[in-house]
Amino acid sequence: MTSPLSTDDSFVRSAGKQLAIYAVAAVVVITVLMVALDFIAGLTSSGASGAAGAVDVENNEITIYLREEPPQLNSTKASDSVSIMVLGHLMEGLLRYDESEQVEPGMAEHWEIDGTRVTFRLRGNARWSNGQPVTAHDFVFAWKTAIDPATASNYAFILYPIKNAEAINAGQLPLDSIGARALDDRTLEVELEQPIAYFDKLTAFTTYLPMSEEFYRATNGRYGADADEMLFNGPFILTSWVHGSSLRMEKNPHYWDADSVKLNAITAGYMANDSNTLLNLFKDERIAMTELTAEMLETAMQQRWHINRFMDGSVFFMDFNHRPERITSNLNLRKALQMVQNSGELVDRVIKLPGYLPAKSLFPIWLQGVEKTFREEYPALEYPYDIALARQHLELAKQELGLAEIPPLVLLADTTPVATVSAQYYQEIFRKHLGLEIVIDAQIFGQRIAKMNAGEFDLILNGWGPDYNDPLTFADLFASWNLNNRGKYFNPALDEQVRVAQNSLDAKTRMDAFGEVQRIIHEDALFIGNYERGWTYATHPQVKGILRRVFGAEADYSRAYIEVPD
Amino acid sequence: MTTPVSHSQILNSADFAPITQRADVHAISRPSQSYWQDAWARLKKNRRAIVSLWLIVGLLAFALLGPWLWQIDPARQDIDQISQAPGADRSATIVAPYAPWDGTVAAEFAGGSGLRLAMAANSQAVRLHWDAVPGAAGFRLYRNIFAADDEMAFGLPIADFPTPAAGYYEDRLDLRPDTYYYTLAVQAADGTLTANYQTLAVPVNRVITLDEVRERELAPAEAALDIGDEVHLALHPLGTDYLGRDMLARLMAGAQVSLFIGIIAPFLYVLLGVAYGATAGFVGGRVDQLLMRFADFVVALPFLLFMILFQVVFGIGPGESGIVPMLIALVVLAWPATARLVRGQILQIRQEAYISASRLLGARSSYLVWRHMIPNTMGVILVTLTFAVPSAIFTEAFLSFIGMGVAPPTASWGSMSNEGLARMLTHPHELIFPSLFISITVLAFNLLGDGLRDALDARMRSFE
């Protein structure tokens, strides 16, 4: 029998041993369980052949995923990228974009621009999926619906170039006063407020898509809410829509260009945006394409996937609240914030995705100037990275504001992984170099827009994607009348330059105006560039011809095909 | 009946000598032990419980003394060491500050053909250049972590060049001390890759500029450093997270949050539950009915919903810490379990004979409660408390995991686990450490609670 004293001594040792045995046993049991479950899962998934893989050669179908479910598919109301992507497969506007992002004839066979008058001639074989012809009336009806104040479309403003559209949307004029008329079933005449150089490009945008009035009325306000509550005139028709689960698109036999559509069907079988889920779906050949996040790159390389990249043309930046009661309306404070950050570090060290570029100007690098790219002709202006100078500006700001300390600033950000990381990066940069306290207000997209409109922020991590292929889509962002000017920045000099660009048809005059806008933005320190967004993605080796687009559907499968190995 | 035995056979006169007073008699008998001394003695014999107790003491020291010993700001971002695993190499060579590059080739790298280096490669930048390829429509430059093989999986596409001319490129994307394999693939006119490609293996070593050494205080201020000298980057014993923040410092900060919630919240709600349950049990009758039905009502309230409501009511905006509403929600919603338990005990004790005797002798209610009721329910209360702690810690971790707890940059084990989850496959240490701490803490409190239950159970005294 051992003495109580020696038992005391061995407490820790034997108890530790006991714990160690428990731990080992737990690990062994869990490992065995995992292997067993994996085995069972393997049995059931190979048995359940009903769940199609990424590529179904026999039926000429592919399976893809959507980041989230489209809220609805009414083209006059769609404003999110998933809806726009799905509608890009189901519908076609007057014009469409070809493989190299240039406009080509769509529903319209040809068109003429004559000052403020644009005439579109529709093709005779343009048909809806129920066999009815697509007529000029369908366009007029859709546009009226989109600018009807009762529709409250987020994208109504994109129709403002049409005569009276802005006034109708504000409720000042009746709907019928819109400057678009169907001369006959196949001729559409559009009267513009003023001549604009890019109106033809605009008509390829989602909000300009047609809608059959007869069918719309028959749906009793449910248009676009379900697969059978819609009509299609694009390459595919929506045959089933299981909400929260899947969408199935089949080839449209009535499409005028059906010969160019090679796939029989596309199934959006998964609605997921979690990187680990996507990684596993792609690894198991359940989806034909997956976006890659920074965490997935190493696995993607090890798996020897064919990785691709694509820049979607959008620019992300930090934007300020210029309402007078906010301290971010102070120029010196904005300059101080500018000088302590370096977008190269954010992109190369923190975001770490090969598709991203540091944003140096509101005008992204791909925009065309007069002859070369806009940025080659009007180089971006940048503040130096200079912490000492930044602190001087901060002191000036404190004096001007009459504050001993700058109160905490609210940084409104999205909840996406990249936005979360960027927000925390800036929070620390501003704290470390300027001693500022930043409160991160992370909100989902819809909530963030609501807060932006209400002005409940000091700083925003904002982004802007091009709606059409012209620098104006970026230049009017800080115009005083633009609803997307969330900080309510007001500068008559900038407004004047935007007006010049809108009203002129001369490329040089317009580009000079954009150059001037770029200079004013720099001078007033309106913009801290974060990144120009890129996507890194992997595609199934057998699926070819997937287009990634800057305008319209960000991933376009309408011309994709399956390559059968010999 | 026994057979009579003669006295002389078993007794003699010495047996009848008077007994002397012996001093050691009392020492032989077992000392008188109070309930608590006895419980402690039995707890000490339970090895698991004692080890758990030491673990908890260790965790408290980790949370309270740790930040004092390891004075690293948990929010500080070490951009040079992002997602660094524990024990990784930290040496870096000092180089000149980064300067934009215009494509000129350094003298010692002149000559050669194909894809090649234009300057010494380091973690600041890898500068490559190449010759024109006749017939090519353009190039695409790839970077990989292993050599290209016949599958033509070249890794990450990092740049595109739409001309067949000679070109140059500077890669600065997340360069770590490792060997990278660059591939320059030739594109056909339609943008597809041809089978024509050139590869280059580039070993990259870590560098740092003098300014960065000074800013990050990696060397003593008086040390004379020059380009080419070697320094060690800041030490991170448990590695860093996805923003280069020190894991050890964050785990300590997280321990403070977790243990604060884990100890304060159960203490408060057990106190509330004891008072409530004791009142119900002691008063009895209609009051008891009323109080216990109210407790049933509180049990039915959904915790998560109330947590959100409390955040709204307290005006906790986004970006502000949700710890106070979490504490209040826990206290307001978690007390009924304790109250029920204590009420049951009190009801039982009320029927005991010694209570009736005490009453007959004229004891007042307050005396009964303080002398008899509370001490006799103490065991139950303590056990409830130790089991409440791990569940509160787990609740905190869960709420922070789903983003309702602490606000960035404050760390909590739950929020760290959530952030680590996304990088589980590539940087497992970011998930393993916080989840290990949650598991160990919860296990330790549970084992201690188990031991305490055994030790405090008076009926187990006889089974020693």
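User: Which residue does A:Tyr65 stand opposite?
Analyst: A:Tyr65 stands opposite A:Tyr270, which belongs to strand 11 of chain A. This is a predicted model, in which local features need pLDDT of at least 70 and side-chain atom pairs count only at pLDDT 80 or more, while totals for chains, interfaces and linings use all residues. Residues are numbered from 1 along each chain as its sequence is written, with chains lettered from A and ligands numbered from 1 in the order in which they are written.

User: How many bridges join strand 2 to strand 11 of chain A?
Analyst: Strand 2 (residues 61-66) and strand 11 (residues 265-271) of chain A run parallel and are joined by 6 bridges. Strands (E, at least two residues) and helices (H or I, at least four) are DSSP runs numbered from the N terminus, and two strands pair if DSSP finds at least two bridges between them.

User: What order do the 5 strands of that open sheet take?
Analyst: The order is 1-2-11-10-9 in chain A, with mixed pairing. Strand 1 (55-56) and strand 9 (236-242) of chain A each have a single partner strand, so at these edges one side of each strand has no neighbour in the sheet.

User: Which helix packs on the sheet?
Analyst: Helix 2 (residues 81-90) of chain A does, touching strand 2, strand 9, strand 10 (246-251) and strand 11 of chain A, and its direction makes about 135° with that of strand 9 of chain A. Contact is counted where C-beta atoms, placed from the backbone, lie within 7 Å; axes are lines fitted to C-alpha atoms, for helices over the stretch in contact, with angles from 0 to 180 degrees between N-to-C directions.

User: And the open sheet of 4 strands, what is its order?
Analyst: In chain A this sheet is ordered 5-6-8-7, with antiparallel pairing. Strand 5 (108-114) and strand 7 (180-184) of chain A are at the edges, each having a single partner strand, so one side of each is left without a neighbour in the sheet. Ignoring direction, neighbouring strands of this sheet are turned by 20° against each other on average.

User: What does A:Thr119 stand opposite, then?
Analyst: A:Thr119 stands opposite A:Glu189 in strand 8 of chain A; strand 6 (residues 117-122) and strand 8 (residues 187-191) of chain A run antiparallel, joined by 5 bridges. Helix 3 (residues 136-147) of chain A lies across strand 6, strand 7 and strand 8 of chain A, at about 165° to strand 7 of chain A.

User: Switching topic: how many residues of chain A are in contact with chain B?
Analyst: 38 residues of chain A are in contact with 33 residues of chain B. Several elements of chain A each supply at least two residues of the side that touches chain B, among them helix 7 (275-283), strand 13 (307-320) and helix 13, while the largest share, 7 residues, comes from helix 1 of chain A.

User: Why is helix 13 of chain A largely enclosed?
Analyst: Because 13 of the 18 residues of helix 13 of chain A are buried, the helix is largely enclosed by the rest of the structure. A residue is buried if 20 or more other C-beta atoms lie within 10 Å of its own, exposed if 12 or fewer, and partly exposed in between. Just after helix 13 of chain A, A:Gly435 takes a positive phi of about 65°.

User: Where is B:Trp40?
Analyst: B:Trp40 is in helix 3 (residues 35-45) of chain B, and counts as partly exposed because it has 13 C-beta neighbours inside 10 Å. Between B:Trp40 and B:Ala455 there are 7.1 Å in space, C-alpha to C-alpha, although they are 415 residues apart in sequence.

Conventions. Contact = placed C-beta atoms within 7 Å.
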